[in-house]
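Trainee: I would like to learn how to read pockets, cavities and side-chain contacts in a model. Could we go through one together?

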Amino acid sequence: MKEVQLRIPATIANIVCGFDVLGFAVNEPYDEITLRISDRPGIRIHHTDGYGLPEDPALNVAGVSLQAFIKELGTDTGFDLEIHKNIKPGSGLGSSAASAMGAVAAANIALGNPFNHSRLLYFAMQGEKVAGGVAHMDNVAPCLLGGVTVIQSTDPPDAISIPAPELQVTIVHPQIEVKTSDSRKIIKKEVPLKSAITQWSNVASLVAGFCTSNYQLISKSLHDVIFEPTRSMLIPGFAEVKAKSLAAGALGGGIAGAGPSMFMFSTELETAQRVEKEMQSVYEKLGVEYKTYITTLKKTPLI
Ligand code: HSE
C-alpha cells in the first residue's frame, strides 16, 4: 500500500490511581495523519496544524519513532508524513503518543504489517522519550490497542486491553501548558508503604470494576493518594472542578495524564453534560481560557 490515512485517538494515562500502568483511548479529540511510501529514502514531515512543532525528523516525536521503525526494518524505505494535530501538545491528552503511534502504525500498514504490537509500542516509546524524557507506555498502549489498557511490562513492551463498560467522559483542558517532564520532576521519589498499599488496592479494584462493569467499584477506586496532591498544584481550579463534578453526579476522575486537562467519568450523557457546565463555570470565574469535550471510550484498536 502506497498511502495510508489514519485517525489517531487522544488517550488519558494513569486513570487517576494507575500511574504509568493504566490508560484509555477516547473518540475525541483525534489527530489525522497521511503517510506515503516514497522512493526517496529518509523521512519528511509536514505539519498542517498551527502548533509550530519541529519538522526535523530527529526532533519530531513521529520522526524519532519512524527512525526506530526503519532501523529495525533494516531497509532504506522513505516516508512522507503529513500530520494534522487536533490534540494540543502539552494538554495531558496523549498528543505526543498520537504522533508517535500514528506514524509507526501507518508505516506498519503501508508495508504489510512487518511488526507485531509489542515492537510498535517499542518504536512509539522512543518518540515518547523525546517528548517527556521517559519512555512511558500508558498513552501509546491505549492509542494502539483501544479501550482501557494495563501495562504488564515495558521491557519487553507488553500491554493488554481489558473489558470496560460504556462510559461518558467529560474533559476540560485549561489552556495552559504543562510539560510531562516538568510534571514528573515534582513528584516524590519515595512513597510511604501505607500510601502504596492504598494506591495498589485502588488500582486492582479499578481494574476489577472495569472488567465486571461495576460502576460503584469504579467510582470508589478513582482515588490517587500519591501523585494528585502534588501535581494538582500545577492546575488552577483543580479542587473546585473535582468537587463540583462529583456533586453533579460524576463517578470520579482526576488529572488526565500529566495534566493540565482533567477528566470525569459518568454513566449517562445528561450527567456528563452537567459536569461540563460545572467545569465551564469554574474557568469562566477564574478567567482562564479552556476547552471541553464530551466523548466516550474508543474501544477499537488502531490497527
Ligand atoms: N504516566 C505519565 C505521567 C503520562 O503521568 O507522567 C503522561 O501523559
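Mentor: Gladly. Keep in mind that this is a predicted model. We can start with the cavity: the lining of the largest cavity draws at least three residues from each of domain 1 (3–162) and domain 2 (168–296).

Trainee: Which residues line the largest cavity?

Mentor: The lining consists of N14, V16, F19, D224, F227, E228, R231, I255 and G257. By class, these divide into four nonpolar, two polar and three charged. The space inside the largest cavity is about 90 Å³, and the count of cavities of 30 Å³ or more comes to one.

Trainee: What is the volume of the largest pocket?

Mentor: A pocket is an open set of points, whereas a cavity is one from which the probe cannot get out. Here the largest pocket has a volume of about 740 Å³. Of the 42 residues that line the largest pocket, P89, G90, S96, A131 and T180 are the closest to its centre.

Trainee: Where does the largest pocket lie relative to the two domains?

Mentor: Look at who contributes to the lining. Domain 1 (3–162) and domain 2 (168–296) both give residues to the lining of the largest pocket, so the pocket lies between them.

Trainee: Which helices supply at least two residues of that lining?

Mentor: Among the elements that do so are α1 (61–73), α2 (95–110), α3 (117–132) and α5 (180–185). The largest share, four residues, comes from α3.

Trainee: Let's move to charged contacts. How many salt bridges does the count come to?

Mentor: The general idea first: side chains of opposite charge can pair when their charged atoms come close. In this model the count comes to ten salt bridges. One of them joins the side chains of E3 and R36, at 2.9 Å from N to O. E3 lies in strand β1 (residues 3–13) and R36 in strand β2 (residues 22–38), so this pair ties together parts that are 33 residues apart in sequence.

Trainee: Are E3 and R36 buried or partly exposed?

Mentor: E3 is partly exposed, with a relative accessible area of 37%, and R36 is partly exposed as well, at 33%.

Trainee: Which side chain does R119 meet in a salt bridge?

Mentor: R119 meets E72, at 2.8 Å from N to O. This pair links distant parts of the chain, with R119 in helix α3 and E72 in helix α1, 47 residues apart. R119 is partly exposed, with a relative accessible area of 24%, and E72 is partly exposed with 37%.

Trainee: And what is the N to O distance between E166 and K299?

Mentor: Their side chains meet in a salt bridge at 3.4 Å. E166 sits in the loop between β6 (157–162) and β7 (168–174), and K299 in the segment after β10 (290–296), so to read the link, note that the two are 133 residues apart. E166 is exposed, at 56% relative accessible area, because the cut-off for exposed is over 50%. K299, at 35%, counts as partly exposed. Salt bridges can also form a network, as those linking E240, K244 and K285 do.

Trainee: How many aromatic pairs does the count come to?

Mentor: The count comes to eleven aromatic pairs. The rings of F24 and F265 have their centres 5.1 Å apart and their planes at 40 degrees, so this pair is tilted. F24 in strand β2 and F265 in strand β9 (residues 262–266) are 241 residues apart. Both F24 and F265 are buried.

Trainee: Why is the pair of F69 and F123 edge-to-face?

Mentor: Their planes stand at 65 degrees, with ring centres 5.6 Å apart, so the pair is edge-to-face; the cut-off is over 60 degrees. F69 lies in helix α1 and F123 in helix α3, so the pair ties together parts that are 54 residues apart in sequence. Both F69 and F123 are buried.

Trainee: Which residues form an aromatic cluster with F69?

Mentor: F69, F79, F115, Y122 and F123 form one aromatic cluster.

Conventions. Residues numbered from 1 in each chain as written. Predicted model: local features only at pLDDT ≥ 70, side-chain atom pairs only at ≥ 80, totals over all residues. Heavy atoms only, no water. 1 Å grid on protein atoms, 1.4 Å probe; cavity = no way out; pocket = protein on both sides within 12 Å on 5 of 7 lines; lining within 4 Å. Points joined across faces, edges and corners; volume = space filled by probe spheres on them. Domains from an automatic or database assignment. Salt bridge = Lys/Arg side-chain N within 4 Å of Asp/Glu carboxyl O. Buried < 20%, exposed > 50% of the residue type's maximum accessible area, 1.4 Å probe, protein only. Phe/Tyr/Trp six-rings, centres within 6.5 Å; stacked < 30°, edge-to-face > 60°. Nonpolar A, V, L, I, M, F, W, Y, C, P; charged D, E, K, R; others polar.
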